[in-house]
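Have the viewer open as you read.

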Amino acid sequence: MSSTTLDALALERLVAAAVAAPSLHNTQPWRFRLDTYTRTVCIDAAVDRALRHTDPVGRAVHLSVGCAVLNLRIAAAHFGWEPVTRLLPCPDRPALLATVRLAESARGASSADLYEAVWRRHSSRFPFSARPLPSDLLAELTEAARLEGANLRFPGRDDTDRVLRATREAECRNRADADRAAESRRLVSPHPRSTGLPSAALGQQDTLDRVPMRDFGAHRHPDVLPARAFETRPTLALLSTAHDRRADWLRAGQALERVLLLVTRRGVRASLLHQAMEWPDLRKALDGLPVDGPGVHTQMVIRLGYGPEGPASPRRPVQEVMSPTGPSVLGPR
């Protein structure tokens, strides 16, 4: 399907694709607005949806918005537009994290395969099988991250153990922190309406505690998350950037989403082990695993494998995340 007419229906489909992106605890911390003069979609951080205890500096918000930007770019190309992206375009408007201008394109849509994956991608927090991932897929994922300005590396056995230990330590700290545990717990519900996580999506805990899955504060209700044996040798990928600025967080989010869409297309499941990213000392301990030289900043730990698809989490309706359209507020383009 291809169209270069930006009517209300096309705009709704673009934003719906962006909203399908992952976010920490499914908080969906974004707002969208169409600048009619420049035909540009503006994406702001929804600061009221940030997790002030779990994500005090807003790094995860930027990663989430970066994921949404990538989905918007893919949807725009699918419908026949050339997406022209700018990160942090207005220094005097820090909440405006990105803009995507919809330029005319003479090329045909080339992202149909990834566009379909936008609607099928979601996290699976369930045990995976021992089946290894093919080497050509690992190479494809590495190249996908590189194209978005990030680096994807697959640690060996010893480094995988170090990543799991850091994640386990972070999970223990999160459970002991009353504010963080409460922040997580309030976003879990049997039937969340448009944000947060359904209880069924939480999966299980690892019986042997090898793969430290987040319990979202459920330790106060031990019957909520049953235990099962997870894979003994999990496949982990570390997503990193050369710098650690706000723009790097947004680039990392775009790289993360491109990786997640590619594995979805190949029938591979993914879950995000974000816990160590929430503690500066533990996050720093993962930098350079394996050694890639100085200046590596880990942005995400991704767990990959073959297993159950798992249930999807709800998304906010487009009407809830769209601000009224209007004339240009960005100045000349």
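## The sheet

Ile43 stands opposite Ala98 in β4. That pair belongs to a stretch where β2 (residues 40–45) and β4 (residues 96–104) run antiparallel, joined by five bridges. Strands here are DSSP runs of E of at least two residues and helices are runs of H or I of at least four, numbered from the N terminus; two strands pair if DSSP finds at least two bridges between them.

Zooming out, the open sheet has four strands in the order β1-β2-β4-β3, with antiparallel pairing. β1 (30–35) and β3 (81–87) sit at the edges, each pairing on one side only. From one strand to the next, the twist averages 20 degrees.

A word on provenance: this is a predicted model, where local features need pLDDT of at least 70 and side-chain atom pairs count only at pLDDT 80 or more, while totals for chains, interfaces and linings use all residues. Numbering starts from 1 along each chain as its sequence is written, and side-chain values use heavy atoms, with hydrogens and water left out.

## Helices on the sheet and on each other

Helix α1 (residues 8–19) lies across β1, β2 and β4, running at about 155 degrees to β1. Helix α7 (residues 246–265) also packs on the sheet: α7 touches β3 and β4, and its direction makes about 145 degrees with that of β3. Axes are lines fitted to C-alpha atoms (for helices, over the stretch in contact), and angles run from 0 to 180 degrees between N-to-C directions.

α1 also packs against α2, at an angle of about 145 degrees and with the axes 7 Å apart. On the α1 side you'll find Leu14, Ala17 and Ala18, which meet Ala68, Asn71, Leu72, Ala75 and Ala76 in α2; contact means heavy atoms within 4.5 Å. By class, that contact has seven nonpolar, one polar and no charged residues. For the classes, Ala, Val, Leu, Ile, Met, Phe, Trp, Tyr, Cys and Pro are nonpolar, Asp, Glu, Lys and Arg are charged, and the others, Gly among them, are polar.

## The largest pocket

How much space lies in the largest pocket? About 570 Å³. On a 1 Å grid over the protein atoms alone, a pocket is an open set of points with protein on both sides within 12 Å along at least five of seven lines, a cavity is a set where a 1.4 Å probe fits but cannot get out, and lining residues have an atom within 4 Å of a point. Points are joined across faces, edges and corners, and a volume is the space filled by probe spheres set on them.

The pocket has 30 lining residues, with Pro22, Ser23, Arg121, Ser123 and Arg125 nearest its centre. α2 (59–78), α3 (112–120) and β11 (269–272) each supply at least two of the lining residues, and the largest share, three residues, comes from α2. The lining splits into 16 nonpolar, ten polar and four charged residues.

The largest has a volume of about 110 Å³, and Arg121, His122, Ser123, Thr264 and Ala270 lie nearest its centre among 14 lining residues. β11 gives the most to this lining, with four residues.

The second largest cavity holds about 80 Å³ of space. Its lining includes Glu171, Arg175, Arg180, Arg214 and Asp215, and divides into two nonpolar, four polar and six charged residues.
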